[in-house]
Amino acid sequence: MYLCVVLFALFMLLAMAGPAAAHGILLESTPRSGETVAVGVSRVDLRFNSRIEHTLSRILLAGPSGEPVPLPAGLFKKAGPDRLAVPLPILPPGLYTAHWRVFTVDGHLSHGRFSFQIAQRGSHGE
């Protein structure tokens, strides 16, 4: 009986510890946070530390005045199991903030944001 209790307790500890590592943590983005890019950047591409549920995940973009930037409804299907990507329209110069929300395949919700700058034409991005 004692062995059953110990095994059950060990099983419960392992079961609770596993999912914590699966929270969607943003590992990299294109454009990068704080980066100044040229006019004509074609998409936002995010890579996470775990596989994500694409149909439940989103990228929203806010323009220089905080207004939402309309983005295509479909995400890139070939972005990869740990990536979320969305094509961008041609954006005028200014500061943009990308807000993301992802569900990992095991059901954890993560969200965050980062900003990037679209340079004026003729600017060298400095």
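## The nonpolar core

In this predicted model, the largest nonpolar core has 20 residues, and Val44, Leu61 and Phe116 have the most contacts inside it. Here a nonpolar core is a set of buried Ala, Val, Leu, Ile, Met, Phe, Trp, Tyr and Cys residues joined through side-chain atoms within 4.5 Å. Buried means under 20% relative accessible area, exposed over 50%, and partly exposed in between, with a 1.4 Å probe and protein chains only. Two or more core residues come from each of strand 3 (43-48), strand 4 (58-62), strand 6 (83-87), strand 7 (94-103) and strand 8 (109-118). Strand 7 gives the most, with 4 residues. Strands (E, at least two residues) are DSSP runs, numbered from the N terminus.

Beyond residues up to four places away in sequence, Phe116 touches Pro31, Arg32, Glu35, Val37, Val44, Leu61, Gly94, Leu95 and Tyr96, where contact means heavy atoms within 4.5 Å.

A few notes on reading the model: residues are numbered from 1 along each chain as its sequence is written, and side-chain values use heavy atoms, with hydrogens and water left out. As this is a predicted model, local features need pLDDT of at least 70 and side-chain atom pairs count only at pLDDT 80 or more, while totals for chains, interfaces and linings use all residues.

Five strands make an open sheet in the order 2-8-7-4-5, with mixed pairing; two strands pair if DSSP finds at least two bridges between them. At the edges are strand 2 (36-37) and strand 5 (68-69), each pairing on one side only. Strands 2 and 8 run parallel and are joined by 2 bridges, and Val37 has Ile118 in strand 8 as its bridge partner.

Strand 8 also holds Ser110, which is buried at a relative accessible area of 9%. A polar atom of the Ser110 side chain lies 3.0 Å from the backbone oxygen of Gly24.

## Salt bridges

The whole structure has 4 salt bridges, each a side-chain nitrogen of Lys or Arg within 4 Å of a carboxyl oxygen of Asp or Glu. Arg47 and Glu28 meet at 2.8 Å, N to O. This pair links strand 3 to strand 1 (residues 26-30), with the partners 19 residues apart. Arg47 is partly exposed at 23%, and Glu28 is partly exposed at 35%.

Asp45 and Arg83 also form a salt bridge, at 3.6 Å between the closest N and O atoms. Asp45 in strand 3 and Arg83 in strand 6 are 38 residues apart. Asp45 is buried at 11%, whereas Arg83 is partly exposed at 22%. Shared partners join Arg43, Asp45 and Arg83 into one network.

Terms used
Polar contact = N/O pair within 3.5 Å; in protein donor to acceptor, adjacent residues only side chain to side chain.
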